[in-house]
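Open the model in your viewer and keep the selection tool at hand. This tour goes stop by stop.

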Amino acid sequence: MSNLAVLPIIIPLISGIILAFFHNKVGISRWLSKIFILINLGVASYIAWIVFNNGALILETGGWEAPYGIILVADPLAVTLVLTTNIIATACAFYAPYSMDVKQETHYFYAFFFLLIAGVSGAFITGDLFNLYVFFEVLLMASYALIVLGGGKVQLRESIKYVLINLFSSVLFVTAIAFLYSVVGTVNMAQIAERVQDVDQKGVLTTIAVLLFFVFATKAALFPLYYWMPKSYVVPNPVISALFGALLTKVGVYSILRVFSLIFIYKLDLTHHAFIWIAGLSMIFGIIGALSTSNIKLIIAYNIVPAIGFIMMGIGVFNQDAISGSIYYLVHDMIIKCALFLLVGAVAYVAGTSDLRKFSGLIHYYPLLGWLLFVSAFVLAGIPPFSGFIGKLLLLKGSLSANEVAIVILALLSSLLILYSIMKIFINGFWGEKDESLITEKKSTKGLVGPIVFLLAFSVILGLGAEFIYPSIESISTYLLDPEVYMESVLKE
Amino acid sequence: MYKPNDLILRTTTSVIAFILLGFAVYLLLAGHNSPGGGFVGGLMTASAIVLMYMSYGMEAVKKILPINFRTLIPIGLLIAVSTGIGSFVFNVPFLSHTFGHFTLPILGEVELATAMLFDMGVYVTVLGVTMTIILTIANDR
């Protein structure tokens, strides 16, 4: 029994409720949101420290024993992702006051922000498939509200698509859980894993696995199911885009990682081999999208798709190195996507447009923004001193040892094109002649740069400090490759 | 000007609304041992209030029920969450509930459970959400 495991869910939930009372007082909301998010960051780091030292925290809520009650499992993978979520949320909470309209802030922005964080943390920590669905809905409900916040015409159009596709996949999620429940008779993930193991994943279970994969792939925006994502992620405010880009699709890919490393692991040639193909196609189509547009926000949004492809590649290959690479890349990508969304938000704000053809020479007026973009392009593409490199290196090493040469070549080529797609913003927007119209209305970037530097610092630490971080990532992948540990720690046999 | 005479509607409403409210409280309290609970109780209360809005109009009901239904949502959530938080104080797993037998005046011995407080939170939240949705759409300009 340890109530610590529920704190990352309950603190943002209470914060959201309290901030709903103060929605009209912007000054108080801003201060309270910063204080609450820092408390939550502190608590999450403390829990991560405890879990990495003493092993997973299991909380049987209400005192009901393992397969009967709702179990919260704060294992090393979950706490790592919760900590990353809180780092991102901290940056966004400090960026928001400088980027949102007061009108948007008074319409419950901070309340929905904290409910989103509560939903994401809950989805990472839960050990129960139906609860995972409930937390998915909590975070999706908050995201529906955030995507239309402001009520612009394009926001309304894109939110219709977003809500429809997510409702459809949620219905499929419930259906898949119903099928699974009718076959194995439980929704507790550890007990499902045990029972799937007993029957060696016979035919109908593989069908349900594919159905669940379809659901999570829609949430995670993988290859054939990503068409709803890029446009709906660029229409809201930059802070909201950053939260969506960094968190929502990653919850989907986390669910795939959890379900296909714990439950459905007995027909690798059927499911996991298909993942490698899907990963490759996601890389190709995502990068084509990123190269096809000159809208800087859309370039970043399309870059989410190949990143999810990289993580899927590791899950598909499914050996020690590849899984470590996936986890490393997942953490790295959450941080850098948030930084990039905040960065292009700031660039679009100072340039007055997000169309790349309409501005140039920004480096003369905003050198700091320019060099931050330059560094983050290197981080994203995986240039050696930074964090993207370690993740990709592990992924490639794992795939080569499994003789998946085609995906390795594809991954290397797409990294090159990812670098080009971000560098295009730097070359066309920041180089070139001074644009005289900009100097008359030089805008202050006060408050916008701090959170971006904060996030990039973590990217650099993840890259340079790989010696210190890699052992814990490796221990997570060892833990994931041996589902017995999870089952025993939850069911206590 | 055409002015409808809705005397029968208003008279029956003033009777039916109280029956509905009483039934809603019954559903809320009965939830532990028979069908009912916070959710359906909240919906029933909301339907009673909506009936009053329909027959008496906006201004009249606002005067007798000066409640901002939107603030009911966070109040209800706070009640529900704090029943879970209570477990931190008593050092038991989150969301643990307990019960006891108490002797009250008039009612005699009754069984009171803390799960009832959670249901109260659900009740208030459902009432707030339903009324906010209906009144926001009804007030559309």
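**Stop 1**

Select strand 1 (residues 99–104) of chain B and strand 2 (residues 108–113) of chain B: they pair in the antiparallel sense over six bridges. Two strands count as paired if DSSP finds at least two bridges between them. Helices (H or I, at least four residues) and strands (E, at least two) are DSSP runs, numbered from the N terminus.

A word on the ground rules. This is a predicted model, where local features need pLDDT of at least 70 and side-chain atom pairs count only at pLDDT 80 or more, while totals for chains, interfaces and linings use all residues. Residues are numbered from 1 along each chain as its sequence is written, chains are lettered from A and ligands numbered from 1 in the order in which they are written, and side-chain values use heavy atoms, with hydrogens and water left out.

**Stop 2: a strand pair in chain A**

Switch to strand 1 (residues 57–60) of chain A, which pairs with strand 2 of chain A in the antiparallel sense over four bridges. Glu60(A) stands opposite Ile71(A) in strand 2 of chain A. Next, show the side chains of strand 2 (residues 71–74) of chain A. Ile71(A) and Val73(A) point one way, Leu72(A) and Ala74(A) the other, and all are buried. Buried means under 20% relative accessible area, exposed means over 50%, and partly exposed is in between (1.4 Å probe, protein chains only).

**Stop 3: two cysteines**

How far is the sulfur of Cys92(A) from the closest cysteine sulfur? Select Cys92(A) and Cys338(A): the sulfurs are 3.8 Å apart, too far for a bond. A disulfide here is a pair of cysteine sulfur atoms within 2.5 Å. Cys338(A) is in no disulfide. Cys92(A) is buried, at 0% relative accessibility. Cys338(A) is buried too, at 0%.

**Stop 4: rings around Tyr162(A)**

Rings of Phe, Tyr and Trp (its six-membered ring) pair if their centres lie within 6.5 Å; planes under 30 degrees apart count as stacked, over 60 as edge-to-face and the rest as tilted. Over all chains there are 30 aromatic pairs. Select Tyr162(A) and Trp228(A): their ring centres are 5.7 Å apart with planes at 50°, so the pair is tilted. Tyr162(A) lies in helix 6 (residues 153–184) of chain A and Trp228(A) in the loop between helix 8 (203–220) and helix 9 (229–234) of chain A, so the pair ties together parts 66 residues apart in sequence. Tyr162(A) is buried at 1% relative accessibility, and Trp228(A) is buried at 4%.

Tyr162(A) and Phe244(A) form a stacked pair, 6.2 Å centre to centre with 10° between the planes. Phe244(A) sits in helix 10 (residues 238–262) of chain A, 82 residues from Tyr162(A). Phe244(A) is buried, like Tyr162(A).

**Stop 5: a ring cluster**

Select Trp371(A), Phe374(A), Phe378(A), Phe426(A), Phe430(A) and Trp431(A). Ring pairs link these residues into a cluster.

**Stop 6: helix 16 of chain A**

End on helix 16 (residues 405–430) of chain A, which gives the most to a nonpolar patch, with six residues. Find Ile409(A) in this helix. Ile409(A) is partly exposed, with a relative accessible area of 48%.
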